[in-house]
Amino acid sequence: MATAGKLGPILVDSKGRTLYLFQADTSTTSTCNDACAAAWPPLTTTGAPVAGTGADAGLLGTTKRADGSTEVVYKGHPLYYYVGDAKPGDTNGQELNQFGAEWYVLNAAGDKVEG
């Protein structure tokens, strides 16, 4: 977790990079592939995901992507980065409407953060 200005504490990876959920994902199965995944790269893993400080380990899980890789999910939401975030703490993808739906950062409870 990291604090991101008015958004408050948000979910980040181990390097402090912001993670997002995609409103078009209505289950643990990702709907962001090809050009979408190029703009919004999925957070993938080769092992079991580990919760950092402030994150709830019980909300972490994984799902198989269409390409066979394993994507990390949090409270059932597949997680993504945004290519427009240049450094840890950037939230340039917040509330963007791309590839058919909006993108949001998540709080510790795994809920989207608006604002």
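## Surroundings of W40

In this predicted model, W40 is in contact (heavy atoms within 4.5 Å) with Y20, C32, Y80, Y81, Y82, G93, L96, Q98, F99 and W103, leaving aside residues up to four places away in sequence. The model is predicted, with local features needing pLDDT of at least 70 and side-chain atom pairs counting only at pLDDT 80 or more, while totals for chains, interfaces and linings use all residues. Residues are numbered from 1 along each chain as its sequence is written, and side-chain values use heavy atoms, without hydrogens and water.

## Nonpolar cores

A nonpolar core is a set of buried Ala, Val, Leu, Ile, Met, Phe, Trp, Tyr and Cys residues joined through side-chain atoms within 4.5 Å, where buried means under 20% relative accessible area (1.4 Å probe, protein chains only). The largest such core has 17 residues, and those with the most contacts inside it are F22, C32, W40 and W103. Two or more residues each come from strand 3 (20-22), helix 1 (35-39) and strand 8 (101-105); helices (H or I, at least four residues) and strands (E, at least two) are DSSP runs, numbered from the N terminus. A second, separate core of ten residues includes L19, L79, Y81 and Y104.

## The disulfide

One disulfide (cysteine sulfur atoms within 2.5 Å) is found in the whole structure, joining C32 to C36 with an S to S distance of 2.0 Å. Both C32 and C36 are buried, and their link is left-handed, with -105° about the S-S bond.

How values were computed
Buried < 20%, exposed > 50% of the residue type's maximum accessible area, 1.4 Å probe, protein only.
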